[in-house]
Structure formats: C-alpha cells, structure tokens
Amino acid sequence: MKRLLLTGASVFDVHSGRVAAADVTVEGDRITGVGPGLDGDEAVDCAGGLLLPGFIDCHTHVCLAQTMREPFRLPRSARPLSAVPVLRTLLGLGITTVRDAWGADAGVRIAVERGWIEGPDIFLSIRQVCTTGGLGDHWGARTGPVDFFGDPSLPDPVFDGPDAARATVRRMVRAGADWIKVTATGSLVAGRGVHDVQLTDAELTALVDEAARQGRRGVMVHAHGARAAEAAARAGARSVEHGTFLDESAVAAMAEAGTWLVPTLSCSQSVPAEAPDGAAEAHPRSVRMAVEAGVPVAMGTDNPVRPHTEALREIHHLAEAGLGEAGALRAATLDAARLLGVDGDRGEIAEGKRADLVLLTGTDLRLDALNTRIRTVWHNGRRTTTA
C-alpha cells in the first residue's frame, strides 16, 4: 500500500489549540504518522497551509433544500436526488461527517457508502418525531393529516404517550435511524411555540430508554426554550439542538447530565435582522452561559435554514459566541466526534485515526472567511474532486 506524505504543512492540534509544523503520512484510509521528517511514496506539498481534521456538522438536513420549498409539486424521487449537490457542496467545504436531523432516508446513506455519489459520512435520524400537533405533525384544517413525502422509507413520526413513543422509536430504527430526533418545542423560523414543552417527562424518558434498548447512538432534542432543554437533560437526552433561550437552571441540568448543546447559531446570527424577536441577542448569550457552566458544545448548522454553501460560517459564529477560534474548531472536529460517539475513529490528526483532512491556505486560525481558504480535502484518505 502506498504511503501518501503531506509535507511542509502546519498542523492544528485540537487538544492544545496550538499550530506546529509537521508532516502527516496516510496509508489507505488511516493516518499513519504525524511529526517532522517523515517520508512516503507520493508527496503533496502543503507548504504555506494549515492542516485540520475534517469538519463534522452535527445538525444538517441534506434532503430538504428543494423539497421543503415545493413539497406538493416535486415527485418523490426529487427528495433523495436533491441531496446529491448538497453532499458535494459539504464535502467541498471540508465537512466529512454529518448527522442528518431528518429528511434523509437510509438510501442516501447507502449511496454514499457504496460510492454511487460523493459526500460526507452520514448518520441518520430519518424523521423528527413529535406528539400530536408538534413540529413533525403535518396537518391541515382542510386536508387533515398531510404526509407530503408520501414515502414509506420515512415512517410516521407522531405519537402520544410513553408506549406510543417507544413504538415510534422502533419505526425509526426499522427504517435505519442511527439517532432519534424529537421536537420538544415549536419553530423559531415559524416564530411560534419556542417556549413550549410539547412532551411529558414520561414520553421523553421512554424515547431515551427505547433508543438505548435499540442500540441507537442517542436522542437529539429540538428545544429552543429553557424548560424543554432542562426536561431533555433530565430525561437523559444526548444533545439539545438550538437552545436559543436557555437559562441558568437549564444549563445547570445539562451540565449535570452531560447533555451536549448543538446551538445552530446560523439560525439567528447569519442575518440577525431577520431573526425572530430577541433571538439574535439571546442565542449567543445562551451559548456563553452553557460554556461557563461546563456544557459541552458541538457544531451544527441546521442548514438549509441558511444555504449549505454557508455551512462553515457556523464555526465563526461559535468563536464569536465565546468559544474562541481554537475552541470553535475543536467543536467542529474532535468534540463533534465525541458527541457522535466516533472520536475513537476521527476528529483529530493523530496516528490511527481516519484520514479526513482539510488543507487551508495560510497557517492562522482566522475563521471569518473559512470557506475561501479551502485548498484540498481528503475523505477516508482519498483526495476529493469537490474542493
């Protein structure tokens, strides 16, 4: 097996936050060496560049950019096919792993795994499960229940009561879910119900317990308001998504339980003037409060709330919200891998880890225009054609 030598680069250490000159060797899909004076069979000159681990987006929607805009006009096949350009875009930005927060089915993951299409590794949640009237319950006063996807690969997400919650988890698992996504509040984008708590404690606990029984990676809880976030933490949820309006009680519960925050700051910070009332100010304040309380933070965008081409702006928003540049990069690499339970495999530039690598132009940690600095991307040790 040929050894690829990436030489002359500066390498970012996610643990220390420091940058140092080093060579990196890659064999197959693994990093085999990091340090000075390495050799290889084929060399890539990385002089003047910064090597980072591949980025991880823990909250995105790869199939919804088009189908949510035209849900009743496009044929069923448009939903998974619309993921093809999105996945290429994300990989070209150096995002080598994603957790899809609903909308992608198991066929999209299979297409990437088998090389039919090029894209990041995908962890699936299938649908956002909810109680009657919740965010995932598509219903109209004239039509009644509306499933505009009409696709058995995306099963019914609606439940009421703990036993029905368990059945919903089992439906998602049957369809191929790695994660269970549940909505505990309304929508910030729609501007309604953001402080609601739309599940009982017993329902939340049943979801978490059944996900564990089924061997899933965890439960991710869409929660803008503090009370829903606190309830999610006390039920044992793995992560709170958004957390726009947290308070001291909520972050204390999250810190005590080890619940992660995936803030998706792009929803309120990319165009603050368009954010719902109070969100532009409250959202970064919530992140700072969580960080100070010891809540672990991982990067997630919630795109296509903003275009997928803007995905790397989320890392800049995290830095501005109190993580700093090195902390934001860690949230988008090693800490994101820790949240997803794959830190033994990826998330840092270290011997034995997966060769998901991003080479930037320049050696500083400036994040405000990160997308313009992407020079080369390697995914599973292979140089991509998208960067």
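I began with the largest cavity and noted about 40 Å³ of space in it. The model I'm reading is a predicted one. I also checked how many cavities reach 30 Å³ or more, and the structure holds one.

Next I wrote down what lines the largest cavity. Pro53, Gly54 and Ile56 are in the lining, along with Thr96. The rest of my list reads Arg346, Gly347, Glu348, Arg354 and Asp356. Sorted by class, I get four charged, three polar and two nonpolar residues around the largest cavity.

How much space lies in the largest pocket? I noted about 830 Å³. Its lining takes 30 residues, and the closest to the pocket's centre are Met68, Gln128, Leu135, Ser187 and Val189. I looked for helices and strands in this lining: helix H1 (64–67) and E14 each give at least two residues to it. By class, I have 13 nonpolar, 12 polar and five charged residues for the largest pocket.

For the second largest pocket I put down a volume of about 230 Å³. Which of its 13 lining residues are the closest to its centre? I found Val112, Ile117, Glu118, His379 and Arg382 there. Helix H4 (106–113) and strand E19 (382–383) each supply at least two residues of this lining. The class tally for the second largest pocket is five charged, five polar and three nonpolar residues.

Then I turned to the sheet. I traced an open sheet of six strands, paired in parallel, in the order E12-E9-E13-E14-E15-E16. Why is one side of E12 and of E16 left without a neighbour in the sheet? Strand E12 (158–159) and strand E16 (260–262) stand at the edges and each has a single partner strand, so one side of each has no neighbour there.

I followed E12 to its partner. Strand E9 (residues 128–131) runs parallel to E12, and two bridges join them. Threonine 131 stands opposite phenylalanine 159 in E12.

Last, I checked which helices pack on this sheet. Helix H6 (residues 201–213) does, and I have it touching E9, E12, strand E13 (180–183) and strand E14 (219–225). The direction of H6 makes about 150 degrees with that of E14. Helix H10 (residues 279–293) packs on the sheet as well, where it touches strand E15 (239–245) and E16. For the direction of H10 against that of E15, I noted about 130 degrees.

Technical notes. Residues are numbered from 1 along each chain as its sequence is written. This is a predicted model: local features need pLDDT of at least 70, side-chain atom pairs count only at pLDDT 80 or more; totals for chains, interfaces and linings use all residues. Side-chain values use heavy atoms; hydrogens and water are left out. On a 1 Å grid over the protein atoms alone, a cavity is a set of points where a 1.4 Å probe fits but cannot get out, and a pocket is an open set with protein on both sides within 12 Å along at least five of seven lines; lining residues have an atom within 4 Å of a point. Grid points are joined across faces, edges and corners, and a volume is the space filled by probe spheres set on the points. Ala, Val, Leu, Ile, Met, Phe, Trp, Tyr, Cys and Pro count as nonpolar, Asp, Glu, Lys and Arg as charged, and the others, Gly among them, as polar. Two strands pair if DSSP finds at least two bridges between them. Helices (H or I, at least four residues) and strands (E, at least two) are DSSP runs, numbered from the N terminus. Contact means heavy atoms within 4.5 Å. Axes are lines fitted to C-alpha atoms, for helices over the stretch in contact, and angles run from 0 to 180 degrees between N-to-C directions.
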